[in-house]
Amino acid sequence: MSRISGSSYASKLMGRAGDGSTLSIDFTTGVLDPRITFSRSDATPLATFVNSSGLVTTVATAQAPRFDYDPTTIGTSRGLLIEQASTNVTKYSEKLNEVSVLNAWYGANLNTPTVPVGAPNSPYGTTSVSWKLVANTVNGFHGWRQTTTFTAENYTFSFWAKAAEYDRVILSDLSNSRGACTFVLTGNGTATAIAGTVTPTNLTIVKYGDTGWYRCSFTMLMAANSIGWAIVGYPVGASTSASGASYTGDNVSGVYVTMVQVEVGSSASSYIPTVASPVTRAVDTAIIAAGSNFSSWYTGGTTGT
């Protein structure tokens, strides 16, 4: 059998056997070729992808294939999304006001986030998870925090952010100054690593059309420890370090943040919503099984490949 696997996009698959038989499959049409058997063991919530309107959305039914689109050049197909399994270890990844549960969200000189009147639509296309992070008036480090028990390996942190009164945001290891990354939420976006005990790598900021939202991500080698990491917006002139951003807030100004993900690996995978515990998205598998769908174009073993 032939198997398409790993973390990638399948856009077109073409092959030619020694006798002139050909295989040609176009994954950019949004329809799965009937010769391919696709599977993914969906949990709840279902797997997500970027649709042709540039919005993050979930598959309509369990185990459905995901035909992903470019979030910056709206309407441009990227093909069939094939990913390895991944687990978002963030709790309440899009309910940033959850403060009543152990190891959920808590603040460091930051007010509990709200979805204010007039909040912009989120990357889902609705306002319901457009959380605004606003610092109090303390002069010092600010951050909206969560404590995670890490193992000693690379983790990728990712989240969506949109400018409000501030147009920059930082995610840092507020408890141990392990490292941080700043993101400027204008133009095509800018990402800058701040070294602490380690230096963050694989900095990425992806602009989502003209919505003002950016998906920000970076990778950092974590220690086998419980670490309190934090996100916060900050003004020009704030002091930034591996611990975060230090400034005097005003109880009004901030940035919008939503859909937070922390996962093992060196890049951000598709978004995995969570509630009270981590959630795993299963591996995508696309197969052309042995039989007529395979033998019609492949004659390996007798006449070569």
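First, a sorting rule: Ala, Val, Leu, Ile, Met, Phe, Trp, Tyr, Cys and Pro count as nonpolar, Asp, Glu, Lys and Arg as charged, and the others, Gly among them, as polar. This is a predicted model, where local features need pLDDT of at least 70, side-chain atom pairs count only at pLDDT 80 or more, and totals for chains, interfaces and linings use all residues. Residues are numbered from 1 along each chain as its sequence is written, and side-chain values use heavy atoms, with hydrogens and water left out.

Now the spaces. On a 1 Å grid over the protein atoms alone, a pocket is an open set of points with protein on both sides within 12 Å along at least five of seven lines; in a cavity, a 1.4 Å probe fits but cannot get out. Lining residues have an atom within 4 Å of a point. Points join across faces, edges and corners, and a volume is the space filled by probe spheres set on them.

The largest pocket has a volume of about 670 Å³. Its lining has 35 residues, and Glu 83, Arg 215, Ala 268, Ser 269 and Ser 270 lie nearest its centre. The lining divides into 14 nonpolar, 15 polar and 6 charged residues. Strands here are DSSP runs of E, at least two residues, numbered from the N terminus. Among those that supply at least two lining residues each are strand 14 (154–163) and strand 19 (213–221).

How many cavities of 30 Å³ or more does the whole structure hold? The search finds 1. The largest cavity has a volume of about 60 Å³. Its lining includes Asp 42, Pro 45 and Arg 281, and splits into 8 nonpolar, 1 polar and 2 charged.

On to rings. Rings of Phe, Tyr and Trp (its six-membered ring) pair if their centres lie within 6.5 Å; planes under 30 degrees apart are stacked, over 60 edge-to-face, the rest tilted. The whole structure has 11 aromatic pairs. Phe 157 and Phe 218 are stacked, because their centres are 5.4 Å apart and their planes at 15°. Phe 157 sits in strand 14 and Phe 218 in strand 19, 61 residues apart. Buried means under 20% relative accessible area (1.4 Å probe, protein chains only), with exposed over 50% and partly exposed in between. Phe 157, at 2%, is buried, and so is Phe 218, at 0%.

Trp 160 and Tyr 271 pair edge-to-face, 5.8 Å centre to centre, with 80° between the planes.

Methods: Helix = DSSP H or I, 4+ residues; strand = E, 2+ residues; numbered from the N terminus.
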